[in-house]
Amino acid sequence: MFRTMLTTKENMITEVVDAAMRRARAAQSEAASWTQESVDEIVSAVAWQCYREDNARRLAVLSHSETSLGDPEHLYALQRRRVLGVARDLHGERTAGVVEDLPELGLRKLAKPLGVIAVATPATAPAPGIICNALPMLKTRNAAIFTPNPRAAGTARETIQLIRGALAEVGAPPDLVQCLEATGRAASTELMAAADYVVAIGGAGTVRRAYKSGTPTIGAGVGNPTVVVDETADVMDACEKIVTGAGYNNGTPCSSESNVLVHASIADRFSTALVDRGARMCTEEETARLRTLLWPDGTALNREAIGRPAPELADMAGIPVEQPEKMALLVLASSDPERDDPILREKLAPVLTFSVFDDFSQAVELVQLLADRCGRGHSCGIYSNRPDRVAQLADAVDTCRVVVNQSTMTNTGSFESGVPFTTTLSSGSWGGCSTSGNITWRHFLNYTLISHPIPARFPDERVLFGRHWQEHHRQR
């Protein structure tokens, strides 16, 4: 009986995946012939519907009510900012037809779509995660089928329905963007195997399943940033940005500051500035309570505690707070960051771990050590007015991103830096990813290279081989 039920469920999943793939392939076949002008009009229409205040507000409220993760106002602002940033990054870019012409080399490059992309999205900020993947995939004339985290399935369906409505309004096939009707790991795994390409955003398990699917895959790296503040930093500026980033959307973004290493000579000033900006410095006993609350078994995060506001977390941990309406962040002290401790790992909460260092080289070693434990390759940050120290950190640490005198929230895109907007932060081979850097529209294209003959251009052996060529000919 059990075997029959299992077989029936497997057959149902296969039917759902097959039907979604047929619809997606038919829609993508039509999109593959679009001109650049048609593509740009469709992307603009979808982006506008997702950027509109009423739609962004509705999705933010729905997301929070469904998942209990984050803050509705932050989710709203996050969607608006990221949609605006992605739309800016896509504007004017050529993704159809000839995208590069080099007559002096006899080369011409054509851009072509990948096909149907399977996208696994997380429960944190689900609407922006879907929208900001769908836009570059539409820009590159691909179809996308999303498998959302079950915790955010309702928000995912509503977000995708909004996108499909925008596509229909401009005469594009709505099936270019779909939400897989079947949920769960089995359905996600089967979709990944059937698609032409996979984008995996979420936990390490999701990314591992994607790479095991046998389909070309881009995955997001795991981790939260550690930030160094040396004695030359602007303490007030650093505190302002770190408190804002670490507490943003209740600490759920992967780029929220997780740990801060502060030079001993400015540690007291830094602590005072943190408090002035809404942080609550926890005692050893309070730190122990939060550790137990967030990691009940010492390793896995408590799903019922993550993504909660700082005052709510404090209340759950029995930590008294005099002015909860002014508290944005809980700060835990770690006197020995070299010792492995859950509080130095990913938190998904408005919680920052504070440690002190005496020597900058020691801080650099700590950044690498913490990354090795909780997310190699992801990112780190530094507040310093010494370019040599920025260079030392960037050279020594295996990381794809080093953020200087800014919140590490800039990892996902910023109007104040040149970082491209994305929801997928790959971490290179350090983090078990197939590529490094921010995933953008450029990752969703195939290219055809046309090669014409040109007059022969032979290199100069003396230039290429230098002294080795000269010594050889002197010996002769």
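## Aromatic pairs

Phe421 counts as buried, with a relative accessibility of 5%. This is a predicted model, and it holds three aromatic pairs. Take Trp48 and Tyr51: their ring centres are 6.4 Å apart and their planes meet at 45 degrees, so this pair is tilted. Both residues belong to helix α2, three residues apart, or about one turn of the helix. Trp48 is partly exposed at 49% relative accessible area, and Tyr51 is partly exposed too, at 22%.

Phe421 has a ring partner as well: with Phe415 it makes a tilted aromatic pair, 4.9 Å from centre to centre and with 45 degrees between the planes. Phe415 comes out as partly exposed, at 33% relative accessibility, whereas Phe421 is buried.

## Charges over rings

Tyr51 turns up again here. The charged end of Arg80 sits over the Tyr51 ring, 4.0 Å from its centre. Arg57, for its part, lies over the face of Tyr76, 3.8 Å from the ring centre.

## Helix α3

Helix α3 runs over residues 53-67, so to speak a 15-residue stretch. From first C-alpha to last it reaches 21 Å, close to the 21 Å expected at 1.5 Å a residue. Its buried residues are Asn55, Ala56, Leu59, Ala60, Ser63 and Thr67. They cover an arc of only 130 degrees around the axis, which means they sit on the same side of α3.

What do the buried residues of α3 pack against? Their partners are α2 (36-51), α4 (72-90), α5 (126-139) and α6 (153-169). Just after α3, Ser68 takes a positive phi of about 65 degrees.

## Helix α14

Helix α14 covers residues 387-396, with Arg389, Val390 and Leu393 buried. These span an arc of only 105 degrees around the axis, so they fall on the same side of α14. Pro387 and Asp395 are exposed, on the face turned away from that buried side.

The buried residues of α14 pack against a helix and two strands: α13 (360-374), β13 (380-383) and β14 (402-404).

In soluble globular proteins, nonpolar side chains tend to be buried together. The largest nonpolar core in this model has 68 residues, and Leu135, Ile163, Leu167 and Leu176 have the most contacts inside it. A second, separate core has 22 residues, among them Val227, Ala246, Ala273 and Leu274.

Which residues does Leu176 touch, leaving aside its neighbours within four places in sequence? It is in contact with Ala27, Gln28, Ala31, Trp34, Leu138, Asn142, Ala143, Ala144 and Leu167.

Conventions:
Residues are numbered from 1 along each chain as its sequence is written. This is a predicted model: local features need pLDDT of at least 70, side-chain atom pairs count only at pLDDT 80 or more; totals for chains, interfaces and linings use all residues. Side-chain values use heavy atoms; hydrogens and water are left out. Helices (H or I, at least four residues) and strands (E, at least two) are DSSP runs, numbered from the N terminus. The expected span of a helix is 1.5 Å times one less than its number of residues. Buried means under 20% relative accessible area, exposed over 50%, partly exposed in between (1.4 Å probe, protein chains only). The arc is that of the directions from the helix axis to the C-beta atoms. Contact means heavy atoms within 4.5 Å. A nonpolar core is a set of buried Ala, Val, Leu, Ile, Met, Phe, Trp, Tyr and Cys residues joined through side-chain atoms within 4.5 Å. Rings of Phe, Tyr and Trp (its six-membered ring) pair if their centres lie within 6.5 Å; planes under 30 degrees apart count as stacked, over 60 as edge-to-face and the rest as tilted. A charge sits over a ring if NZ of Lys or CZ of Arg is within 6 Å of the ring centre and within 35 degrees of the ring normal.
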